[in-house]
Amino acid sequence: MEKNVQEKTTNEIESPVKTPPPPPAPNDDGGDEPEINYRGIKAMPFIIGNETFEKLGAIGTLSNLQVYLTTVFNMSRISATTLLNVFNGTTNIATLVGAYLSDTHFGRYKTLGFASVASLFGLLVVNLTAVFKNLHPAKCLPENIGHCVGPDAGQTAFLLLGFGLLIIGAGGIRPCNLAFGADQFNPNTESGKRGIDSFFNWYYFTVTFAEIVSVTVVVYVQSNVSWSIGLGIPTIFMFFSCLLFFVGSRMYVKVKPEGSPMSSLCQVVVVAMKKRRLVLGGDHHGVELFNHAPPKSINSRLPYTDQFRFLDKAAIKTSEDRLNIDGSPANPWSLCSMQHVEETKCVLRVIPVALTAIIYHIGAQQQYVVFQALQSDRYLPNTNFQIPAASYVIFAMLSLSLWVPFYDRLVIPFMRRIKNKKRTRAGERRESSGGGFTALQRIGIGIFITVIESIIGVFVEQRRRSSALRAGGPTSPMSAMWLVPQLALGGLAEAFNAIGQIEFYYKEFPENMRSIAGSFFFCGNAVSSYVYSFLISIVHRMTEKSGTGSWLPEDLNKGRLDNFYYLVAALCAFNFGYFLLCASWYRYKGSGESGSVEMEMEVKKLDQHSA
C-alpha cells in the first residue's frame, strides 16, 4: 500500500547552491559572538613550531625503537616488528577517538593541549626504561645471542605504560594539528584559500625536516653514545613543543565543537532504513526531498548527487513528520534534511578511496630496510664512520623535502599558468588545488611509485644476499647505499600520496568533521600496520616449513626477502588498479546537479505526491 508524502512548497525549498563555508562564528547579525580575527601566517610559528618539536620528540624515539627493543630489551626481530606494528596501528586507530572527542566535546585547541602533555609524559617513561637498569633486561653478550633473557612482567608493563601515554598523545595530536592550523586562515578569501593549500605543503616539509634531524643526530646519539641521553633529547624537544603551543594561545582561532557529527550520519542511515518502502521517482533530482540547513552551520551547502540513492529516502517528508518553528525536523530520527544526506554521501564516497592507503603504506614504508642495512656495509668510503641502520630512512625524507618546495614554488605556478589559458567549460567545477595536480592525481601517482619501489627492492636484496653468501659472513660487503634508490622513491611516493590524502580528506569531508578527516590518514596507516603484521606472520609460518626455509628469518642471508618484495609489488599493482576504478567513479564534494534542480524547482508546481 502506498504512503502519501507531503512535499514542500516552492518557497520552503532552498536551492542547493554552492557557496563557500561561513566562518565558524561570525558576527554578521550583531550578535554576542566577537568578530573572528584570522592571524593566518602570524600564528604559524607557534603551530608549526609545536608540531616540529613534537615530531623531533616522537620520531626521535620511534624511528630507532626497532633497534632499541632488539638490543636493550633483547626481543627477537619478529617480536619487535610485530609489537611496533601493533603499537603503530593502535596509535593511528586512537586518532578516531581523539577526532571524535575534539569535534564533539572539547574542540581542537583543548584536545591538542591535553595530548601534548600526555606525549611528554610518555616519552619520559620510555626514557626512564633506558636510564634505570632495573627497568630493562641485562645486556646480552655476543656469545649468548639467540638465548638472551627477555624483559620480565614489570619491565614490560612499564614500557607499555610509556607506549600507552604516547598512544593517547598521538590520538589527540595527529587528527587535530593540521585542521587546527588550517583554522587560522580565512576560508572565504582568496588569500586564505591559497594559504591553506600552501600550509599543507610547507607543514609536511617542516615536519619532514624535523624527522631528518631525528633520524640523524638523535639516532646517532642513541646508537653510538648512550640510549639514556638519546632518549632524553626527544623528551626535551617535546617539552619545548608544549611550551610553544601554550605561549601562542591568545593568537589562535579556536573553533567551537558543534556536537557529534557522527549522530547526523547515523540518523541518515537509520531513517533511510525506516523509510525504505517509500518510492521516489527515478528522475527526482532532489526536488522531492526535504531541505533544511541550520543558518549558523559551518558546513557549506551541498547540491544533490545521484550516488547512494537509497539514502535519499531519509529526506522524504511524510504526513507524520513534524517541524519545529525554525523549520528543522522535530524528530531527527524520523526525518533528515537533504543537506545531512549529502554530507553522509560525502563520507561514504571517501571510504573506497581511503582503503587504498592500506596497501600503499605497506609498499611505501618497508620496515625490513633497517634489517637490510644492519647486514650491509654501512661505513662511508675511506672513513671509519658507520651510519646507523635506522638513519638510512633519511634518504626517503630528503627526497620528500626536495620535492615539496620544488612542487609548491615551481610546478604549481607553471600549471596554474597553463590552466588559466584553458578555461573550464561553463558550469564545470574545478577543484581548488592551487593549480597543481588534483588530490586524486597525487594519490594515484604515489601508489604507482610504490610498485616501482618494490621491484627495485627485489634486485637490491638479491644483490645484497648473493654478495653476503659469496663472502661467507653475516654482513654483506655490498654498500648499504644501494638501498638509497628504493628509499628515495618511498619518499617521493610519500610526497605525492600522503600530502594528497591529507588534502583530499580535509576538503572532501563536511567542515564540522575536519578532525575526523585528519584521523582518516592515520587510520589507513593503522590498518596497514595490522595487515603488515598479519602478512609477515603468514609468510613466515607458511615458508618456514618449506624446503628452502623461511623467507624472513633472523639472518636475512638465510632467507628470501626478495620473494617477499615480489609479493608486495604484486599487492601494490593490484592496489593501483583498484584506485583507478575508484577515481573514475568518484565525484568531488559540491559537484552535483544543482542547475537542473534549481530549474525544476522554479517551474514545477508541487502538490500532494504519492511516493
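The axes of helix α7 (residues 261-274) and helix α8 come within 9 Å and cross at roughly 100°. An angle of 65 to 115 degrees counts as roughly perpendicular, and α7 and α8 are therefore roughly perpendicular to each other. On the side of α7 the contact is made by S264, L265 and V268, and on the side of α8 by H340, V341, E343, T344 and V347. Four of the residues in this contact of α7 with α8 are nonpolar, three are polar and one is charged. The model in which this crossing is seen is a predicted one.

The loop between α7 and α8 contains F308. Although F308 is not a glycine, it has a positive phi of about 50°. Most residues other than glycine have a negative phi. With a relative accessibility of 22%, F308 counts as partly exposed.

A second residue with a positive phi is N74, where the angle is about 55° although N74 is not a glycine. N74 is located in the loop between α2 (65-71) and α3. Its relative accessibility is 12%, so N74 counts as buried.

These helices belong to a chain that has 16 helices and two strands. The protein chain comprises 611 residues, of which 54% count as buried. Among its contacts with a separation of 6 or more, 83% join residues 24 or more positions apart. The chain exposes about 27400 Å², and carbon and sulfur atoms supply 63% of that area.

The largest nonpolar core holds 88 residues, and the members that touch the most others are Y68, F504, Y505 and F509. Helix α3 (residues 77-131) gives the most to this core, contributing 12 residues. Once neighbours within four places in sequence are set aside, Y505 is in contact with V350, A354, A517, F520 and F521. There is also a second, separate core of 28 residues, which includes V370, A389, I536 and C572.

Where does helix α9 (residues 356-364) lie, enclosed or open? Nine of the nine residues of α9 are buried, so this helix is largely enclosed by the rest of the structure. The residues concerned are T356, A357, I358, I359, Y360, H361, I362, G363 and A364. They pack against α8 (338-354), α12 (439-471), α13 (484-508), α14 (514-544) and α15 (561-585).

The axes of α8 and α9 come within 6 Å and cross at roughly 30°. Since angles under 35 degrees count as roughly parallel, α8 is roughly parallel to α9. P352, V353 and A354 of α8 make this contact with T356, A357 and I358 of α9. Five residues of the contact of α8 with α9 are nonpolar, one is polar and none is charged.

A final example concerns two positions separated along the chain. F395 is part of helix α11 (residues 394-421). F395 and G491 are 96 residues apart in sequence, yet their C-alpha atoms are 7.5 Å apart in space. Not counting residues up to four places away in sequence, F395 touches M481, V484, L487 and A488.

Note on methods
Residues are numbered from 1 along each chain as its sequence is written. This is a predicted model: local features need pLDDT of at least 70, side-chain atom pairs count only at pLDDT 80 or more; totals for chains, interfaces and linings use all residues. Side-chain values use heavy atoms; hydrogens and water are left out. Helices (H or I, at least four residues) and strands (E, at least two) are DSSP runs, numbered from the N terminus. Buried means under 20% relative accessible area, exposed over 50%, partly exposed in between (1.4 Å probe, protein chains only). Contact means heavy atoms within 4.5 Å. Accessible areas come from the Shrake-Rupley method with a 1.4 Å probe; for residues, only the protein chains shown count as cover. A nonpolar core is a set of buried Ala, Val, Leu, Ile, Met, Phe, Trp, Tyr and Cys residues joined through side-chain atoms within 4.5 Å. Axes are lines fitted to C-alpha atoms, for helices over the stretch in contact, and angles run from 0 to 180 degrees between N-to-C directions. Angles under 35 degrees count as roughly parallel, over 145 as roughly antiparallel, 65 to 115 as roughly perpendicular and the rest as oblique. Ala, Val, Leu, Ile, Met, Phe, Trp, Tyr, Cys and Pro count as nonpolar, Asp, Glu, Lys and Arg as charged, and the others, Gly among them, as polar.
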